[in-house]
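Hi,

Here is the structure I promised to pass on.

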Amino acid sequence: MNTILFGSLSILSASLIFILAFRCFNKLEVNKALFLLIIGGLILRIFCSCDFYLHAWDERFHALVAKNLIQDPLKPTLYQIPILEYDYRHWWGNHIWVHKQPLPLWTLAGSLYLFGINEFALRLPSILLSSIAILLVFPIAKHYFNSRTGFLAAFLMAINGLIIEIAAGRVATDHIDVFFMFFILLSVFFCLKLVKSGKIIYSIFIGFSVGLAILSKWLPAIIVFPICLLMLIESSDFSKRKIIWSFIIMLAVGFLVMIPWQWFIYQNYPLEAQWEASFNWKHFSTVLDNREGSSFYFLNQIRINYGELIYLPLVWFIYKSIKLKGSIKYWVFLIWTTVPLIIFSLAKTKMQAYILFTAPAYFIMSSAFFDFLLRNSQLNNKSWKVIAIWLLFLILPIRYSIERIKPFDTKNKKPQWVLDLKALNIETDRKSVLFNYPKPIEAMFYTDLTVYEKLPSISFLEELKGKSYKIYIYDPGNLEIQFGQLKGIEILNSQLAISK
């Protein structure tokens, strides 16, 4: 299908579904309205996920490790069969790969196993989790504010351009941060269930969800505990004794969920595990991978990611928290947003998705503030200034969503280099290697070859031949003559066909 036509149909159908969702909500058909929000959000996520190639940062690495995990779930590898020497400290070219926590990679591997080695199967878990998140936001916002706040927050979750792009693997950190955001949100959702029911079993669910969040992206998951503490205090139905026992259970369950993998990698891959642990802390003291930014990077980024008006609800929540000293609910969302904002602003390495797990709180805060404005305009004969601001609250995120989704982009969603890799018709086994190919990580995902970007020495190639390796060399049109004349080595042309 034509890319622009596909994009236009996706935007049109999602828009109509969202309009219908608003109409259903106005008729008090809340469940139907939420269902339509999920369907509309799902359409946008599916459209973005129909890029039939691996994105450069960081999806290609996560894809290859996930594919390799199918063979051995307890041995995460990038180069499954390394032939050239490698540095275990270089996550972009090593063997054992513990650069990320395992849960997202295990899930991606399961999807690839069930649905085949393809791009959509890779992205399916993130599509589903980010869609379920639309539903989870609603009850949290409704409990602390009202149904309209919950519905608006769910709508913002459905259309947010950054979340949609990250779920589609288009931008850095991709599926890892989708999983992390989801399990943080799920933990807060279970906190709400604990508050409303008083049943200690939800403490187990909270701990389990936090443990899964840690297994997605490590220790920032502990933000759940102060959030949950405030929620329990705000409810006033929990004695100090019950709160303490709830937290003991949460901590114990979370520890039991996350610790086995940490113990396992330190026992089996100690060099890599120790290096990655130190590497994590270097994000605070060193600019890594050229990802630098000022101390105000994240404060500026929330304007881009959540709409230019985001500072209004943020200031309003601070004002309410100070003015209404007896009301803790505003602090719940301030802690959720501002603590990560401050901590990650202090780090030297900065990337926009580092605070993605705070997105649901920003959506709720924005919705609560603009619901307040809407009610205020109704009390004051619908002041045009208030209505204008409220319309901008909807228009700006919608504009940003379209900018991110790029429905009218003419970029080829099926590039030729991917088609060539998928159509590669050569005999491969564990001793097959391709040299001089410019996209080695992608090539190893689409084929069963071991692939390197550079050429080794002729003497090394001769050594590999003596070890019965099947050697292929990619010739983009400028291969040096001496490599093309080597016997027992196949030369692949620019279409990845064997040159005669």
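**What I found**

Let's start inside: Leu112 is buried, at 2% relative accessibility (buried means under 20% relative accessible area, exposed over 50%, and partly exposed in between, with a 1.4 Å probe and protein chains only). Before going on, please keep in mind that this is a predicted model, where local features need pLDDT of at least 70 and side-chain atom pairs count only at pLDDT 80 or more, while totals for chains, interfaces and linings use all residues. Residues are numbered from 1 along each chain as its sequence is written, and side-chain values use heavy atoms, with hydrogens and water left out.

Leu112 sits in helix H4 (residues 103-115); helices here are DSSP runs of H or I with at least four residues, numbered from the N terminus. Which residues does Leu112 contact, leaving aside neighbours within four places in sequence? Among them are Ala63, Ala66, Ile70, Leu122 and Phe445, where contact means heavy atoms within 4.5 Å. Leu192, on the other hand, is 80 residues from Leu112 in sequence and 34 Å away in space, C-alpha to C-alpha.

Next, a pair of charged residues. Asp177 is in helix H8 and is buried, at 1% relative accessibility. Not counting residues up to four places away in sequence, Asp177 touches Lys217, Ala353 and Leu356. Lys217 belongs to helix H9 (residues 201-217) and is also buried, with a relative accessible area of 17%. Apart from residues up to four places away in sequence, Lys217 touches Gln101, Ile176, Asp177, Phe180 and Tyr354.

Now to the outside. Lys142, Lys193, Lys196 and Lys199 make up a patch of positive charge on the surface. Patches take residues with over 30% relative accessible area and no salt bridge, joining like charges within 9 Å and nonpolar side chains (Val, Leu, Ile, Met, Phe, Trp, Tyr) within 5 Å. A salt bridge is a side-chain nitrogen of Lys or Arg within 4 Å of a carboxyl oxygen of Asp or Glu. Lys196, one of the patch members, lies in helix H8 (residues 174-197) and is exposed, with a relative accessible area of 58%.

There is a nonpolar surface patch as well: Ile4, Ile398, Ile402 and Phe408, with about 330 Å² of accessible area together (Shrake-Rupley method, 1.4 Å probe). Ile402 is in helix H17 (residues 384-405) and counts as partly exposed because its relative accessible area is 35%.

Cheers

Note on methods: Lys and Arg count as positive and Asp and Glu as negative; His and the chain ends are not counted. The place of a charge is taken as NZ of Lys, CZ of Arg, CG of Asp or CD of Glu. Helices (H or I, at least four residues) and strands (E, at least two) are DSSP runs, numbered from the N terminus.
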